[in-house]
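Here is a short briefing to read alongside the model. Please keep the structure open and look up each residue as you go.

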Amino acid sequence: MRYLVISDLHANLTALETVLADAGQLGQDYDFVWCLGDVVGYGPDPNECIDRLRSLPHLCIAGNHDWAALGRLDIRTFNADARKAVGWTRETLTDENLAFLEALPITFVLGDFTLAHGSPREPVWEYILDPLIAALNFSYYQTPYCLVGHTHTPVIFRMAGDRGECDAVAPEYNMRVRLNGSRQIINPGSVGQPRDSDPRASYAILDVDNMTWEYRRIPYDYKLVQQRMERSDMPERLINRLEHGW
Ligand code: ZN
């Protein structure tokens with residue numbers, strides 16, 4: 001069984017379609033999609049991204065931007081551009097797609113994997129930005145592996161030694177890494193708004209029969225997305241960041 005693992009689509013249909021094409025054939029190259037949240041927010045295609053995800057066999061958990069679109073979060077902590085995007089997203093989403101977001105769980109455990117958007121400790125909110133924060137999170141889930149998104153940065157945090165130490169491993173693309181049973185918190189990076197100074201869409205293929213994880217990175221036509229954002233009068237900063245990957 002092979003999973004296409006994606007996160008932080010952020011209503012960027014062009015990036016999502018590019019990733020799906022790059023991932024190959026459903027049923028042949030991958031069997032199921034795990035989506036780690038933030039399907040909407042920032043980008044111009046919230047309904048289209050939800051519809052596309054729903055067209056595939058998938059499991060999706062809720063991200064903070066999905067909750068923000070539902071009015072479930074106090075968005076005063078969001079910056080002005082993000083707040084504007086939340087308002088636009090909320091008005092644009094169909095009732096059916098709002099209901100889809102409403103029904104998303106915040107964590108899910110499947111076999112050796114726990115899924116959460118931010119962290120196992122604070123699934124919707126917490127950013128696991130460094131090994132210290134990762135180390136604090138290992139006691140908040142039971143499985144060997146935890147998959148998270150939220151930071152928009154691909155990285156693997158590995159428990160090293162038995163004294164709670166942890167190291168961060170940067171991704172190597174198109175290489176299958178064996179998951180060897182040591183506890184790890186793994187982030188596939190972001191499809192629709194990467195923030196590691198690389199504008200290419202990031203995703204991963206998880207093979208649970210051979211227990212391998214493979215990072216992939218693929219350029220997409222962000223100019224098309226920027227044009228749609230301009231037409232929807234979205235904040236310039238959100239439009240510009242796509243080409244820089246921050
Ligand atoms: Zn996000």
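Pro120 is buried, with a relative accessible area of 11% (buried means under 20%, exposed over 50%, partly exposed in between, with a 1.4 Å probe and protein chains only). This is a predicted model, in which local features need pLDDT of at least 70 and side-chain atom pairs count only at pLDDT 80 or more, while totals for chains, interfaces and linings use all residues. Residues are numbered from 1 along each chain as its sequence is written, and side-chain values use heavy atoms, with hydrogens and water left out.

**Around Pro120**

- You will find Pro120 in the loop between strand S5 (113–116) and helix H6 (131–137); helices (H or I, at least four residues) and strands (E, at least two) are DSSP runs, numbered from the N terminus.
- Leaving aside neighbours within four places in sequence, Pro120 is in contact with Ile128, Asn137, Tyr140, Tyr141, Cys146 and Val148, where contact means heavy atoms within 4.5 Å.
- Between the C-alpha atoms of Pro120 and Gly164 there are 16 Å, and the two residues are 44 apart along the chain.

**The zinc site**

- Asp8 (OD), His10 (NE2), Asp38 (OD) and His152 (NE2) coordinate the zinc ion at 2.1 to 2.3 Å; donors are N, O and S atoms within 2.8 Å of the metal (3.2 Å for Na, K and Ca), and water is not among the atoms, so sites may look incomplete.
- His10 lies in the loop between strand S1 (2–6) and helix H1 (13–23) and Asp38 in the loop between strand S2 (32–35) and helix H2 (46–54), so this pair ties together parts that are 28 residues apart in sequence.
- His10 counts as buried at 1% relative accessibility, and Asp38 is buried with a relative accessible area of 1%.

**Helices H1 and H2**

- The axes of H1 and H2 come within 9 Å and cross at roughly 25°; axes are lines fitted to C-alpha atoms, for helices over the stretch in contact, and angles run from 0 to 180 degrees between N-to-C directions.
- That makes H1 roughly parallel to H2 (angles under 35 degrees count as roughly parallel, over 145 as roughly antiparallel, 65 to 115 as roughly perpendicular and the rest as oblique).
- Leu13, Leu16, Glu17 and Leu20 of H1 make the contact with Glu48, Cys49 and Arg52 of H2.

**Helices H7 and H8**

- Helix H7 (residues 222–231) packs against helix H8 (residues 236–244) at an angle of about 180°, with axes 9 Å apart.
- H7 and H8 are therefore roughly antiparallel to each other.
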